[in-house]
Amino acid sequence: MKSLEQLRKGVGLSQLELATLFKVSDRTIYNYERDSTNIPNSLLDKYMVAFEVEYDDIFLGKKYDFIVQQQKLIYQRLRDKKLA
């Protein structure tokens with residue numbers, strides 16, 4: 001699962017470049033990268049098509065929640081390998 005920011009950065013686009021492609025403001029991209037909880041379906045559809053991902057492959061929520069989730073996964077992997 002990837003965040004909107006990871007999808008964008010994964011192809012080397014700036015927020016402004018993606019905003020131009022999606023015909024929205026760069027502030028819109030910034031806001032949804034911080035909290036995509038209420039992202040409109042029309043914009044979410046653009047992400048799915050542009051980055052060739054399914055709905056379930058995109059993290060939708062607050063950036064902080066995503067970071068916490070990722071930290072828990074890393075810690076669990078380390079514990080499973082008895083490295084933590």
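Tutor: Ile74 lies in helix α5, which covers residues 63–80; a helix here is a DSSP run of H or I with at least four residues, a strand is a run of E with at least two, and numbering starts at the N terminus. The model is predicted: local features need pLDDT of at least 70 and side-chain atom pairs count only at pLDDT 80 or more, while totals for chains, interfaces and linings use all residues. Residues are numbered from 1 along each chain as its sequence is written, and side-chain values use heavy atoms, with hydrogens and water left out.

Student: Why is Ile74 called partly exposed?

Tutor: Buried means under 20% relative accessible area, exposed means over 50%, and partly exposed is in between (1.4 Å probe, protein chains only). Ile74 has 45%, so it counts as partly exposed.

Student: What makes Ile74, Leu78 and Leu83 a nonpolar patch?

Tutor: A patch takes residues with over 30% relative accessible area and no salt bridge; nonpolar side chains (Val, Leu, Ile, Met, Phe, Trp, Tyr) are joined within 5 Å, like charges within 9 Å. A salt bridge is a side-chain nitrogen of Lys or Arg within 4 Å of a carboxyl oxygen of Asp or Glu. Together the three residues have about 290 Å² of accessible area, computed by the Shrake-Rupley method with a 1.4 Å probe, where for residues only the protein chains shown count as cover.

Student: Why is Glu33 called buried?

Tutor: Its relative accessible area is 8%, so Glu33 falls under the 20% limit. Glu33 is in helix α3, residues 26–34. Not counting residues up to four places away in sequence, Glu33 touches Leu4, Glu5, Arg8, Gln15 and Lys63; contact means heavy atoms within 4.5 Å.

Student: How do you know that Ser3 is buried?

Tutor: Its value of 11% is also under 20%, so Ser3 is buried. Ser3 is found in the segment before α1 (4–10). With neighbours within four places in sequence left aside, Ser3 is in contact with Phe59 and Phe66.

Student: What makes Glu52 exposed?

Tutor: Glu52 has a relative accessible area of 74%, so it passes the limit of over 50%. Glu52 sits in the loop between α4 (41–50) and α5. Its phi is near 50°, a positive value in a residue other than glycine.

Student: Why does Lys82 count as exposed?

Tutor: Its relative accessibility is 72%, over the 50% limit, so Lys82 is exposed. Lys82 lies in the segment after α5 and, although not a glycine, has a positive phi of about 55°.

Student: What makes a set of residues a nonpolar core?

Tutor: The members are buried Ala, Val, Leu, Ile, Met, Phe, Trp, Tyr and Cys residues joined through side-chain atoms within 4.5 Å. The largest such core has 14 residues, and Leu7, Phe22, Tyr47, Phe51 and Ile58 have the most contacts inside it. Two or more residues come from each of α1, α2 (15–22) and α4, and α4 gives the most, with four. Beyond four places in sequence, the residues in contact with Ile58 include Leu7, Leu44 and Tyr47.

Student: How many helices and strands does the protein chain have?

Tutor: The protein chain has five helices and zero strands. Buried residues make up 26% of its 84 residues. The protein chain exposes about 6100 Å², of which carbon and sulfur atoms supply 51%.
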